[in-house]
Amino acid sequence: MDLYNHQKSTSKIKRDASVNDRIPDGLFLACPYCGVQMYNKQLGHYRVCAHCGYGFRLQARERVDLMTDSFEEIDSEIEMTNPDFPGYADKLARAKSQTELGESVLTGVATFENEKVALGIMDSYFMMGSLGSMTGEKITRLFEYATENGLPVVLFTASGGARMQEGINSLMQMAKISAAVASHQEAGLLYLVVLTDPTTGGVTASFAMQGDITLAEPHALVGFAGARVIESTIHEKLPKDFQRVETLMANGFVDQIVPRSDMNKMIAKVVRLHHKTEV
Amino acid sequence: MAVNIGLKLFKHELSPAEVVKKSREDRFLAREIIDGVFTDFVELHGDRLSGDDMSVIGGIAALNGTPVTVIAIDKGVDIQDKLSKRNGSPEPWGYRKAQRLMQQANKFHRPIVTFINTPGAFPGKTAEAQGQGEAIAKSILESMKLTVPMIAIIYGEGGSGGALALATSDQVWMFQNATYSILSPEGFASILWKDSKRSDEAAAVMGLTPKDLLAKNVIEYIIPESRSHPRVFNLIRKRLQDEFKQLSELTPEELVNQRRARFRSF
Ligand SMILES: [Zn+2]
């Protein structure tokens with residue numbers, strides 16, 4: 001049953017500063033969704049607006065601490081080695097130091113309750129979670145790893161879309177990852193997507209919309225084209241919440257919207273319901 | 001080798017900005033290409049879900065006697081036609097029509113040829129509500145599973161995910177004055193430099209010309225353009241025949257693996 005054997009012990013990553021230490025309790029914040037103002041400490045453990053339930057954006061390493069019961073990172077050494085576009089190297093360096101990641105996604109093997117999964121978490125603080133070739137490489141390897149080891153994939157998406165500095169290579173990642181999704185699918189394995197704020201552009205037009213089951217965090221912005229581009233194309237203002245997951249769910253593109261505090265249990269439950277049973 | 005033959009025909013090399021400009025001219029029309037390359041074209045309409053997107057022309061035809069499925073993005077001819085086709089920007093139901101025809105090709109073991117000329121998928125309100133992202137995502141994913149050969153030909157603009165949706169194929173070819181890019185040079189300049197007027201500069205650094213893309217193995221072949229359109233169509237017909245013949249020698253599993261490996265290399 002258990003095809004994957006950890007080489008190292010599985011231990012939850014301990015970090016020097018959790019988000020609640022990073023931002024002072026007394027800091028006054030406005031909810032990006034509903035606009036209600038509150039003290040940082042009122043967001044609580046899960047960093048959720050007490051008024052509307054919107055989940056504040058998390059760095060990938062914060063999310064992994066909040067949501068998983070164990071996590072062991074894989075492919076941490078993968079990063080862009082030849083950023084030749086002007087200014088790109090500096091942007092990457094800043095993103096790396098802010099997120100403690102080599103690229104805009106964190107990948108590894110995690111447990112939710114006792115359910116083992118291949119887990120990917122995109123980080124919108126790393127160059128807006130844009131899809132670089134090494135982002136694509138890490139996600140592709142995650143699917144390949146899961147296919148080899150018979151694991152489900154759980155992927156938290158967050159992305160502004162393409163990585164402009166990488167040009168066509170960024171576009172090719174959409175196809176590269178999709179090829180790995182196809183092989184994973186053909187092995188009869190579960191791919192669970194969790195849409196988080198914001199998921200847009202090329203990520204929406206590829207692996208964010210290829211899951212067997214699609215969950216979402218409340219009020220997350222998810223779309224293909226940017227709202228301003230749409231408005232200037234159709235010369236019309238978009239209705240409120242047009243690209244929020246509540247609207248996507250009403251339109252048939254999301255299975256359930258799950259509050260952050262329930263996400264761990266929900267993922268465990270869905271994965272458990274995909275255990276292979278003998279008939 | 002094919003490249004050299006192509007390059008010899010290029011009289012003088014255009015700058016990337018000039019290629020961008022040319023790629024947006026109505027040099028070739030989708031129906032003209034279809035009628036010039038194939039015979040017996042039978043157009044098939046609709047996605048069987050929500051409508052029929054006129055910007056995606058699809059159907060079956062004969063390639064020198066062999067049945068193939070043809071899917072082409074069309075910008076339209078006159079103003080009215082261009083408006084109804086949004087200058088070649090497909091709606092989700094255009095991509096879903098393409099998916100339907102690809103599945104059909106798979107069932108009947110017909111090779112697939114796509115012709116692409118789009119600034120990108122349409123950024124509209126209905127498009128968004130009906131899942132433009134999902135439609136493209138599924139086109140890409142389903143293309144990865146096809147057990148019949150597929151060749152994509154970009155004959156004008158190859159705009160981003162809206163082009164990739166029909167170019168997740170065994171081979172991608174481009175017309176000599178076509179482009180393929182992550183977004184338009186105007187968009188690129190406006191995002192990176194906050195100045196859409198620097199689009200010529202953007203075109204130069206984006207690597208969107210056929211020559212750049214061939215060097216990166218994003219495409220396999222550059223189709224030399226000629227004022228004699230029949231000459232271009234004859235070349236395409238001949239080459240499609242040759243390549244499909246070779247690809248048909250692979251088992252379905254080999255074909256799928258090779259296609260996935262093609263994209264794995266990026
Ligand atoms: Zn709120």
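## A salt bridge within chain B

B:Lys97 and B:Asp52 join their side chains in a salt bridge, with N and O 2.6 Å apart. A salt bridge here is a side-chain nitrogen of Lys or Arg within 4 Å of a carboxyl oxygen of Asp or Glu. B:Lys97 sits in helix 5 (residues 92-107) of chain B, and B:Asp52 in the loop between strand 1 (39-43) and strand 2 (56-63) of chain B, so the pair ties together parts 45 residues apart in sequence. Helices (H or I, at least four residues) and strands (E, at least two) are DSSP runs, numbered from the N terminus.

B:Lys97 is buried, at 0% relative accessible area. B:Asp52 is partly exposed, at 28%. The cut-offs are under 20% relative accessible area for buried and over 50% for exposed, with partly exposed in between (1.4 Å probe, protein chains only).

## Basis of the model

This is a predicted model: local features need pLDDT of at least 70, side-chain atom pairs count only at pLDDT 80 or more, and totals for chains, interfaces and linings use all residues. Residues are numbered from 1 along each chain as its sequence is written, chains are lettered from A and ligands numbered from 1 in the order in which they are written, and side-chain values use heavy atoms, with hydrogens and water left out.

## Other salt bridges

Over all chains, the structure holds 40 salt bridges. One of them links the side chains of A:Glu166 and A:Arg163, at 3.9 Å from N to O. A:Glu166 is buried at 8% relative accessibility. A:Arg163 is buried too, at 1%.

Some salt bridges share partners. A:Asp75, A:Glu137, A:Arg141, A:Glu144, A:Lys176 and B:Arg264 are joined in this way into one network.

## The zinc site

Four cysteines hold the zinc ion through their SG atoms: A:Cys31, A:Cys34, A:Cys49 and A:Cys52, at 2.2 to 2.4 Å. Donors are N, O and S atoms within 2.8 Å of the metal (3.2 Å for Na, K and Ca); water is not among the atoms, so sites may look incomplete. The donor residues follow the spacing C-x2-C-x14-C-x2-C in sequence.

The four donor atoms subtend angles of 106 to 114° around the zinc ion, which makes the arrangement tetrahedral. For four donors, that label requires all angles to lie between 85 and 135 degrees. A:Cys49 is buried, with a relative accessible area of 2%.

## The interface of chains A and B

Chain B brings 39 residues to the contact and chain A brings 44. Contact means heavy atoms within 4.5 Å. The two chains bury about 3500 Å² between them, 72% of it on carbon and sulfur atoms. Buried area is the accessible area (1.4 Å probe) that two parts lose on being put together, summed over both. B:Lys125, B:Ile182 and B:Arg264 supply 20% of the area that chain B buries against chain A, more than any other three residues.

Between chain B and chain A there are four salt bridges. Among them is B:Lys125 with A:Glu236, at 2.9 Å from N to O.

A:Glu186 forms a salt bridge with B:Arg260, the closest N and O atoms being 2.8 Å apart. This pair crosses between chains, from helix 5 (residues 168-186) of chain A to helix 13 (residues 252-264) of chain B. B:Arg260 is buried at 9% relative accessibility.

Methods. Tetrahedral: all angles 85-135°; square planar, octahedral: opposite > 155°, others 65-115°.
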